[in-house]
Amino acid sequence: MPFDHKHLLGIEPLSKLDILTILDTAESFVEISTREVKKVPTLRGKTIVNLFFEPSTRTRCSFELAAKRLSADIVNFNKQFSSVVKGETLKDTVLNLEAMQSDAIIIRHACPGAPHYISAFCRSHIINAGDGAHEHPTQALLDAFTIRQKKKNLEGLKIVIVGDILHSRVARSNIFLLNKMGAEVVCVGPPALLPEEFKEFGIAFDYTLDRAIRGADVIMMLRIQLERQQKNLFPSIREYRDLFSLTPKRFRRAKRNAIIMHPGPINRGVEISANLVDSAKSVILQQVENGIAVRMAVLYLLLGGKERETTD
Amino acid sequence: MDEKIKARVMDARKIKRALHRMVTEIIERNRDLSSLVIVGIRTRGIYLGKRVSKMIKELEDIKIPVGVLDITLYRDDFSELEAQHMVKKTEIDFSVVDKEILLVDDVLFTGRTIRAAMDSLIDLGRPKSIQLFVLIDRGHRELPIKADYVGKFLPTSKREIVQVHLKEIDETDEVLITESVENT
């Protein structure tokens with residue numbers, strides 16, 4: 001039961017029991033956000049740094065609110081207004097923030113492995129909030145939490161992940177997590193966006209959404225990263241939409257009680273029809289709501305106990 | 001480390017009698033039972049709270065709601081804990097504003113649990129009053145806290161452990177004094 005990690009660098013190093021501990025702990029934090037005074041004193045006196053080198057709405061605000069609802073002090077680092085623009089390195093930036101006695105650093109960076117790199121010389125707990133196309137562990141945890149809310153159990157569910165798997169840290173973290181929890185994962189997308197080496201994870205591939213969606217319990221849509229379009233990994237947005245967009249007609253092939261997920265931000269009308277986003281089958285805003293409880297659980301489990309001599 | 005049972009200070013009958021007397025005291029002191037709510041502290045406070053509610057229902061024919069409080073997030077000894085305590089849910093689905101809260105726990109010891117519970121309750125709203133109900137008061141207070149209803153005062157040494165067992169989760173109703181003994 002004890003969560004014996006100093007950092008949260010990814011889902012890959014976690015055990016099934018670790019994941020269950022985080023999800024069960026998060027259950028207890030949901031209620032706090034429904035109170036009139038949305039705050040408990042648990043992490044009073046702890047200092048947390050939100051170190052975001054990439055833009056973010058959901059993750060940054062969600063971590064900030066999670067920290068505040070646990071009474072921690074949180075500082076937001078903004079790349080454009082920082083000395084990074086004057087050429088300060090990642091290591092120096094982090095060492096300077098640590099000199100201000102931070103207890104935890106939440107980092108998002110375009111380089112895969114950036115959280116692992118800084119964890120090697122930091123005293124603080126490091127939380128990965130997305131590193132390049134590598135991992136985004138808290139997103140996978142809040143996705144799992146949301147699925148569990150709707151489906152009770154992850155084991156045996158058919159979960160279809162659709163879109164740009166190659167560049168998606170959300171997909172990677174979700175694949176690790178869902179595999180550990182015993183769900184059946186099918187990745188769908190154009191061949192150039194489905195990396196062959198992912199087959200080593202024991203998941204299925206399909207290049208046809210109409211076929212893959214049959215019998216699905218959960219459909220997880222990924223954002224099509226329009227900024228990567230210049231690489232020509234698929235011929236055109238229009239073709240992508242014709243083949244892989246989730247439309248009401250396609251969705252009818254899934255199980256009757258299937259749910260639709262999306263990590264955001266959404267391109268309405270590209271990867272998913274706008275009316276499905278707003279339909280009762282969509283749990284997209286529940287994902288956002290649950291994100292706070294899940295991140296509170298992560299902060300609590302890392303910072304709440306005694307300082308432990310553990311290494312990840 | 002083994003546990004040695006030193007004494008069985010209450011059995012099911014004694015617990016039942018104590019609860020009866022305490023419930024009578026509650027009814028006497030709270031003329032307007034309609035503003036009374038019960039909050040049990042996890043874990044055994046919940047079951048004691050439910051029993052009190054049931055007994056008041058039998059005597060006065062009024063249903064007193066029972067909520068569940070988990071105080072883990074309000075503890076003052078986080079940095080001293082070996083690993084984290086598992087947080088469980090707080091389930092209070094009624095408003096505490098302007099209510100007379102009967103706070104229920106099994107054993108009153110240092111008073112730190114009660115301090116945490118009061119902070120937690122006040123974060124939920126401003127109750128009219130908080131009254132404290134404990135089955136056992138074993139002394140050794142570290143904070144200025146006193147119970148309003150006590151089942152039994154039990155002078156103990158700090159090394160001793162007081163264990164309340166309730167049949168809802170422990171199969172039997174009893175109060176034991178135990179002590180850990182080193183294995184030789």
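1. A residue is called buried if 20 or more other C-beta atoms lie within 10 Å of its own, and exposed if 12 or fewer do; anything in between is partly exposed. The model discussed here is a predicted one. By this criterion, helix α1(B) has the buried residues I15(B), M22(B), V23(B) and I26(B). Viewed down the axis of α1(B), the buried residues fall within an arc of 105°, so they line one face of the helix.

2. Chain A is assigned two domains: domain 1 (16-136 + 289-303) and domain 2 (137-284). Their C-alpha centres are 26 Å apart. At the contact between them, 20 residues of domain 1 of chain A meet 20 residues of domain 2 of chain A. On the side of domain 1 of chain A that touches domain 2, the elements giving two or more residues are α1 (16-30), β4 (125-131) and α11 (284-303) of chain A. The residues on this side of domain 1 comprise eight nonpolar, seven polar and five charged.

3. The largest nonpolar core contains 138 residues, and V162(A), I219(A) and L299(A) have the most contacts inside it. Helix α11(A) gives the most to this core, namely 11 residues.

4. Apart from neighbours within four places in sequence, V162(A) is in contact with V188(A), G189(A), L209(A), I219(A), M220(A), M221(A), L222(A), F244(A) and L246(A). V218(A), in strand β8 (residues 218-221) of chain A, is buried because 25 other C-beta atoms lie within 10 Å. Beyond four places in sequence, V218(A) touches I147(A), L157(A), I159(A), A258(A), I259(A) and M261(A).

5. Helix α2 of chain A (residues 58-69) has 12 residues and reaches 16 Å from its first C-alpha to its last, close to the 16 Å expected at 1.5 Å a residue. Which residues of α2(A) are buried? They are T59(A), R60(A), S62(A), F63(A), A66(A), A67(A) and R69(A). What covers these residues includes β1 (47-52), β2 (73-78), β3 (104-109), β4 and α11 of chain A. After α2(A) comes S71(A), which has a positive phi, near 70°.

6. Two residues of helix α3 (residues 112-124) of chain B deserve a remark. R112(B) is found in this helix and is partly exposed, with 17 other C-beta atoms within 10 Å. Leaving aside neighbours within four places in sequence, R112(B) is in contact with D76(B), E142(B) and L143(B). D123(B), also in helix α3 of chain B, is partly exposed, with 18 other C-beta atoms within 10 Å. With neighbours within four places set aside, D123(B) is in contact with V37(A) and K39(A).

7. The peptide bond from G264(A) to P265(A) is cis, with omega near -10°; P265(A) lies in the loop between β9 (259-261) and α10 (274-277) of chain A. A cis peptide bond also joins R42(B) and T43(B), with omega about 0°, and T43(B) lies in the loop between β2 (36-41) and α2 of chain B.

8. D61(B) is not a glycine, yet its phi is positive, about 55°. D61(B) lies in the loop between α2 and β3 (66-69) of chain B and counts as exposed, with 8 C-beta neighbours inside 10 Å. H140(B), likewise not a glycine, has a positive phi near 65°. The loop between β5 and β6 of chain B holds H140(B), which counts as partly exposed with 13 C-beta neighbours inside 10 Å.

Notes
Residues are numbered from 1 along each chain as its sequence is written. Chains are lettered from A and ligands numbered from 1 in the order in which they are written. This is a predicted model: local features need pLDDT of at least 70, side-chain atom pairs count only at pLDDT 80 or more; totals for chains, interfaces and linings use all residues. Helices (H or I, at least four residues) and strands (E, at least two) are DSSP runs, numbered from the N terminus. The arc is that of the directions from the helix axis to the C-beta atoms. Domain bounds come from an automatic or database domain assignment. Two residues are in contact if their C-beta atoms, placed from the backbone, lie within 7 Å. Ala, Val, Leu, Ile, Met, Phe, Trp, Tyr, Cys and Pro count as nonpolar, Asp, Glu, Lys and Arg as charged, and the others, Gly among them, as polar. A nonpolar core is a set of buried Ala, Val, Leu, Ile, Met, Phe, Trp, Tyr and Cys residues joined through C-beta atoms within 7 Å. The expected span of a helix is 1.5 Å times one less than its number of residues.
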